[in-house]
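This report describes selected features of one protein model. Please consult the sequence and the structure shown here alongside the text.

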Amino acid sequence: MAPNKSIYDDPAQFFAAMQSMNPGLPTPKILSLSEVKKSATSRSKAIFADRNALLYILDRYEETIRKRWAKKNGEQRRKILLAAYPDIPATHRPDFEALRRENAEQTKRGTRFYNSFLLPSLNLEDLLKPRILPL
């Protein structure tokens, strides 16, 4: 390594240093530029294809979905949501709840509340409200 270079200039050295501080930390595979471009292109095409399919479904069936959802009572809605996503958080802002329930050491080792941080708006409290979707 050149004298003025930092470990931040070499991903392999960076991850080796990170692993020395956190022995349980997995080391990611370092991809070439062409591998990254190929993967990104493939994934972006899949994302937009799925998005377009969902938009088509929503465009075609939104009115029916809204009417059927409005007819359900709270317990029926809860059962539907739990069948679709059994681990759905119960409270509004589950990411804040996760911060209260785990200390920094637990979070550093790998949080049990990954989806709470990833999708904080996806929770029973908010989704069970009668008017969750803007009209």
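The sections below cover the basis of the model, helical positions, a surface patch, salt bridges, loop residues and a pocket.

## Basis of the model

The model is predicted, so that local features require pLDDT of at least 70 and side-chain atom pairs count only at pLDDT 80 or more, while totals for chains, interfaces and linings use all residues. Residues are numbered from 1 along each chain as its sequence is written, and side-chain values use heavy atoms, with hydrogens and water left out.

Helices are DSSP runs of H or I with at least four residues, strands are E runs of at least two, and both are numbered from the N terminus. Helix H1 spans residues 11–21 and contains Phe-15. Phe-15 is partly exposed, at a relative accessible area of 26%; in this classification buried means under 20%, exposed means over 50%, and partly exposed lies in between (1.4 Å probe, protein chains only). Between Phe-15 and Pro-26, 11 residues apart in sequence, the C-alpha to C-alpha distance is 8.8 Å.

Lys-29 belongs to the loop between H1 and H2. With a relative accessible area of 65%, Lys-29 is exposed. Its C-alpha atom is 9.3 Å from that of Ala-12, 17 residues away in sequence.

## Nonpolar surface patch

A nonpolar patch on the surface is formed by Leu-54, Tyr-56, Ile-57, Leu-58, Tyr-61 and Ile-65, which together have about 600 Å² of accessible area. Patches consist of residues with over 30% relative accessible area and no salt bridge; like charges are joined within 9 Å, and nonpolar side chains (Val, Leu, Ile, Met, Phe, Trp, Tyr) within 5 Å. The accessible areas come from the Shrake-Rupley method with a 1.4 Å probe, and for residues only the protein chains shown count as cover.

One of the patch members, Ile-65, is located in helix H2, residues 33–71. Ile-65 is partly exposed, its relative accessible area being 44%.

## Salt bridges

Side chains of opposite charge can pair when their charged atoms come close. Seven salt bridges are found in the whole structure, each defined as a side-chain nitrogen of Lys or Arg within 4 Å of a carboxyl oxygen of Asp or Glu. In helix H2, Lys-67 and Glu-63 are four residues apart, about one helical turn, and their side chains meet in a salt bridge at 3.0 Å, N to O. Glu-63 is exposed, at 55% relative accessible area.

Helix H4 holds both Arg-100 and Glu-97, three residues apart, about one turn of the helix. Their side chains form a salt bridge at 3.2 Å, N to O. Arg-100 is exposed, with a relative accessible area of 62%, whereas Glu-97 is partly exposed at 27%.

A further salt bridge joins Arg-112 and Glu-102, with 3.6 Å between the closest N and O atoms. This pair links distant parts of the chain, 10 residues apart: Arg-112 is in the loop between helix H5 (104–110) and H6, and Glu-102 is in the loop between H4 and H5. Arg-112 is exposed at 57% relative accessibility, while Glu-102 is buried at 7% relative accessible area.

## The loop between H3 and H4

Arg-93 is situated in the loop between helix H3 (74–84) and H4. Although Arg-93 is not a glycine, its phi is positive, about 55°. Arg-93 is partly exposed, with 32% relative accessibility.

Pro-86 also occupies the loop between H3 and H4, and is exposed at 59% relative accessibility. The C-alpha atoms of Pro-86 and Pro-26 are 28 Å apart, and 60 residues separate the two along the chain.

## Second largest pocket

The second largest pocket holds about 180 Å³ of space. Among its 14 lining residues, Asp-87, Pro-89, Pro-94, Phe-113 and Ser-116 are the closest to the centre. Helix H4 (94–101) and helix H6 (114–118) are the elements that give two or more residues to the lining. On a 1 Å grid over the protein atoms alone, a pocket is an open set of points where a 1.4 Å probe fits, with protein on both sides within 12 Å along at least five of seven lines, and lining residues have an atom within 4 Å of a point. Grid points are joined across faces, edges and corners, and the volume is the space filled by probe spheres set on the points.

By class, seven nonpolar, three polar and four charged residues make up the lining of this pocket. Ala, Val, Leu, Ile, Met, Phe, Trp, Tyr, Cys and Pro count as nonpolar, Asp, Glu, Lys and Arg as charged, and the others, Gly among them, as polar.
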